[in-house]
Every structure is written in structure tokens, then in C-alpha cells.
Amino acid sequence: MLVVCLFAALLLGASAKKSYSGYQVIKATAQEAEDLRFLSEAEEANRVNIFGQGPDVHGTVSATFAVAPGLVDEYKRELHDRRLAFRVLSTDLQREIDLEKVSGTAGKTGRADPWFDSYHSFAEILPWIDQQAAFCGSQCSVFDIGTSYEGRPLRVLKITGAPNSCQQKPSIWIDSTIHAREWISTSTNMFLTWSLIHEYATDPLVQSFRDTYDFYILTVVNPDGYDYTWTDDRLWRKSRQPNAGSACVGADVNRNFDFQWMTVGASDQPCSETYAGPVPYSEPEAQAVADYVLSLNGIWDLFWTLHTYGQLYMSPFGYTVALPPNYDAMERVGLAAVQTIFETHGETYTFGPAGRVLYLSSGTSRDWAAGVPLIPFVYTLELRDLNSFVLPPSEIVPTGEEIWAALKTTISSIQLEKPPTCVN
């Protein structure tokens with residue numbers, strides 16, 4: 001009986017969801033990125049969890065990280081000894097995670113469907129996609145472009161409008177949740193989906209967009225990781241494929257694309273949050289996206305990938321500070337979009353090339369989309385807010401509204417730079 005009880009206790013412990021009770025979130029600031037390198041080393045040793053790092057608006061660099069209660073004093077002393085300024089953003093991360101379970105107000109205000117009152121698991125999202133396609137009718141279709149390591153579908157919803165003279169319309173790709181913990185990106189992408197479908201009959205601009213373009217929407221690029229954030233660890237980032245010779249699981253799917261792979265801003269250490277994988281496309285999720293986009297190469301006018309956090313609207317490139325050939329056009333579109341975001345709810349987003357406004361990174365889907373299929377307009381959006389991946393559901397609708405407005409401005413601005421033409 002003792003053996004049975006011990007075995008049951010082990011199973012319970014193995015399956016218990018990770019608690020972040022007492023974890024503090026700290027933002028440290030330095031003059032040079034090198035001054036914060038010790039935090040990256042601590043992350044690879046599984047001692048801290050870096051939320052974000054890079055240049056800030058003050059011309060300095062910063063890093064935001066979560067640290068367990070037993071290590072808080074140690075890292076505060078470390079920062080003090082290194083004479084680095086820091087401030088505590090949260091004294092109990094679990095309390096913020098618990099607030100994600102509190103219902104929002106979408107259904108109560110009538111601004112959107114009650115679906116947007118809360119966050120949703122992957123098992124809930126799949127039938128919702130099917131329901132939206134059914135409401136849309138013959139102008140929508142659902143299909144899988146591949147499966148994750150654990151066998152979950154990479155489900156795409158294609159949305160179009162009335163037929164026109166094009167044999168093949170120019171097309172727009174939108175994805176989210178390549179990093180598992182970025183829940184607001186998932187909900188925002190669904191808000192865009194809902195708006196494209198439900199406003200077609202009432203908004204002439206939406207009707208024009210759908211009659212002109214085909215939209216391909218992949219809500220969850222990394223379904224294994226996303227599911228794991230619901231069952232085991234809310235702040236999980238990577239995929240869930242085991243790594244040979246390491247107890248650490250998963251790779252950063254957004255460092256796994258075969259363009260400038262492992263040149264900068266990526267790690268060869270499996271325990272790192274930016275582990276690029278042993279080879280490009282070791283992660284089936286990255287492979288599936290690349291294969292599908294390339295299978296329709298030549299149709300794409302826009303590639304939009306949603307992330308969080310930081311309130312950034314970023315163009316390529318991330319692997320270098322050099323600019324793409326059509327940067328001036330990308331900048332005009334991006335600046336118009338961030339102005340629209342500000343006009344919607346007063347939120348300030350910063351536009352710029354990823355390698356300049358965030359940090360250098362390689363093997364990303366953004367740089368790949370610009371560098372391999374040569375899609376003319378490519379952007380990464382880092383959504384709300386400025387400090388954390390964890391947002392209450394009350395942020396779902398306003399975030400969705402401002403990014404929906406930004407998408408409409410983005411498309412309208414692209415049409416001025418590159419008038420849509422048939423792909424026949």
C-alpha cells in the first residue's frame with residue numbers, strides 16, 4: 001500500500017500545474033546589452049525566466065524577467081552589486097495569472113461576441129473555427145497544413161469574398177501563438193477572424209477587402225506548447241518536442257526557420273528559451289508553415305505574425321540592422337497603422353525594424369517571409385501590454401479592436417503602395 005501511495009503521489013506531483021505564487025517580475029535597465037548577459041546565462045540554467053529584453057525609449061537597454069521567491073533576494077543583490085537600476089513590476093505573478101480566469105466584458109457591452117469574454121483552450125478553439133467557417137458559408141474553408149509534434153492540427157481558415165476577374169486573388173497571411181504563452185495574440189487573431197466574417201455584410205471596406213484578397217489565418221502555430229500552457233505551465237514558450245541528450249524539452253519555433261538560422265539572437269542550448277533547434281525545421285510546426293506558404297509562392301502581399309508583448313509594430317529584419325529594399329514603403333504602411341492604433345484607444349505602439357527597436361534575432365518567420373518567398377509587406381506585431389504576457393480578459397476586446405483597426409489601415413495603405421493585381 002505504501003508503494004502504491006508513493007507512486008500516486010509521484011504521479012500527482014508530475015501532473016500538477018506549475019504555480020508562480022511569490023514569483024516576482026523585475027525589470028532591469030543598463031547602458032549596454034552586455035551588462036545584462038548574466039541574466040541570459042541564468043535563464044539557460046533555469047534560474048530565471050526572461051520575458052523580454054532589448055533597447056528602450058530612453059536609449060538604454062532593459063530586461064524583464066520572472067524569478068522564484070527563493071532567488072528573489074539573490075538577484076536583487078546581483079543587480080545592486082552590478083549597479084543596475086531595476087524595479088519590481090509584480091510581487092506575485094500567480095495572482096495575475098489567476099485574474100486571467102475572470103470574465104471580461106465583451107458580451108455585456110455588445111462590442112463583440114461573448115466568446116471574447118475569456119481566453120480559450122486549443123480544444124475549444126478548433127470547433128470555434130469550424131463554427132465561423134459555417135457561418136461564413138461557401139466563402140470560407142477550413143483545412144490543416146500539417147500537424148504538431150504531438151499530433152495536433154495546424155488548422156487554417158481561408159476567408160474570401162465574392163469572385164472577381166482573378167483566377168487567383170492576391171493573398172494575406174495572418175498567424176499567432178508561435179510562442180505558446182502569448183495568449184492575447186491568440187484571442188486577437190480570433191477577433192480579426194470574427195470581424196472579417198461578421199462585418200462583411202455591413203462594412204463596405206471589409207467587403208472590398210474580402211472581394212479583393214484571400215485571407216489565410218492560422219490561429220495557433222504552436223498547439224502543443226499552447227495546450228501545455230493550459231495544463232502544466234502558463235509561461236511555457238517553446239514547442240514540446242524532446243531534445244536528444246537533454247532533459248529540457250522543446251525549441252523556439254520562431255528561431256527554427258531556414259533563413260539566417262542561428263546567426264544571432266538564438267541559442268544552441270536546449271534549455272534556453274531561444275533554442276533554435278538542432279537544425280532548421282527540426283520543429284514540424286515551422287516546417288509546415290514554410291512549406292505551405294512556399295506552395296503558394298507569388299500570391300502573398302502581406303504576412304502578419306502576432307506576438308506579445310511590448311506594443312511594437314516591426315518590419316524586417318531582425319537578424320541585422322540593415323533594411324530591406326522596400327523599407328520606405330513598409331515604413332509608410334507601419335506608421336499609418338500605429339497612428340490608427342493610437343486613435344482607437346490611445347495606446348502607443350512603436351514602429352521600426354525588429355533589429356533596431358527590439359533585439360537581434362535570427363531564424364524568425366518574419367525574416368524568412370521577407371527573405372525567402374520575398375513577400376513585399378511583412379510585419380511582426382508585439383501586442384499589449386508593456387510589461388507582461390499575462391493580461392486579464394478585459395484586455396481582449398480593446399486589443400482586438402485596435403489591431404482590427406490597424407489591419408484595415410495596413411491593407412488600405414498597402415493598396416496605395418502596391419495596387420492589388422491578379423495572380424494568374
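Thr219 touches Ile125, Ile129, Arg155, Ser176, Thr177, Thr186, Asn189 and Met190, leaving aside residues up to four places away in sequence. Touching, or contact, means heavy atoms within 4.5 Å. Thr219 sits in the loop between β8 (214-218) and α9 (223-231). Helices (H or I, at least four residues) and strands (E, at least two) are DSSP runs, numbered from the N terminus. Thr219 counts as buried because its relative accessibility is 4%. Buried means under 20% relative accessible area, exposed over 50%, and partly exposed in between (1.4 Å probe, protein chains only).

This is a predicted model: local features need pLDDT of at least 70, side-chain atom pairs count only at pLDDT 80 or more, and totals for chains, interfaces and linings use all residues. Residues are numbered from 1 along each chain as its sequence is written, and side-chain values use heavy atoms, with hydrogens and water left out.

Now turn to strand β3 (residues 61-67), where Val61 is found. Val61 has 14% relative accessibility, so Val61 counts as buried. C-alpha to C-alpha, Val61 and Arg152 are 38 Å apart in space, and 91 residues apart in sequence.

Next comes helix α10 (residues 284-295), with 12 residues. What should its span be at 1.5 Å a residue? The expected span is 1.5 Å times one less than the number of residues, which gives 16 Å for α10. The end C-alpha atoms of α10 are 16 Å apart, which agrees. Glu285, Ala286, Ala288, Val289, Ala290, Tyr292 and Val293 of α10 are buried. An α-helix has 3.6 residues a turn, so residues three or four places apart point the same way.

Two helix pairs follow. Helix α8 (residues 204-212) and helix α14 (residues 396-417) have axes that come within 11 Å and cross at roughly 60°. Axes are lines fitted to C-alpha atoms, for helices over the stretch in contact, and angles run from 0 to 180 degrees between N-to-C directions. α8 and α14 are therefore oblique to each other. Angles under 35 degrees count as roughly parallel, over 145 as roughly antiparallel, 65 to 115 as roughly perpendicular and the rest as oblique. Leu205, Val206, Phe209 and Thr212 of α8 meet Trp404, Lys408, Ile411, Ser412 and Gln415 of α14.

Helix α11 (residues 327-345) also packs with α14, at an angle of about 150° and with axes 8 Å apart. That makes α11 roughly antiparallel to α14. The contact includes Ala329 and Arg332 of α11, and Pro398 and Glu401 of α14.
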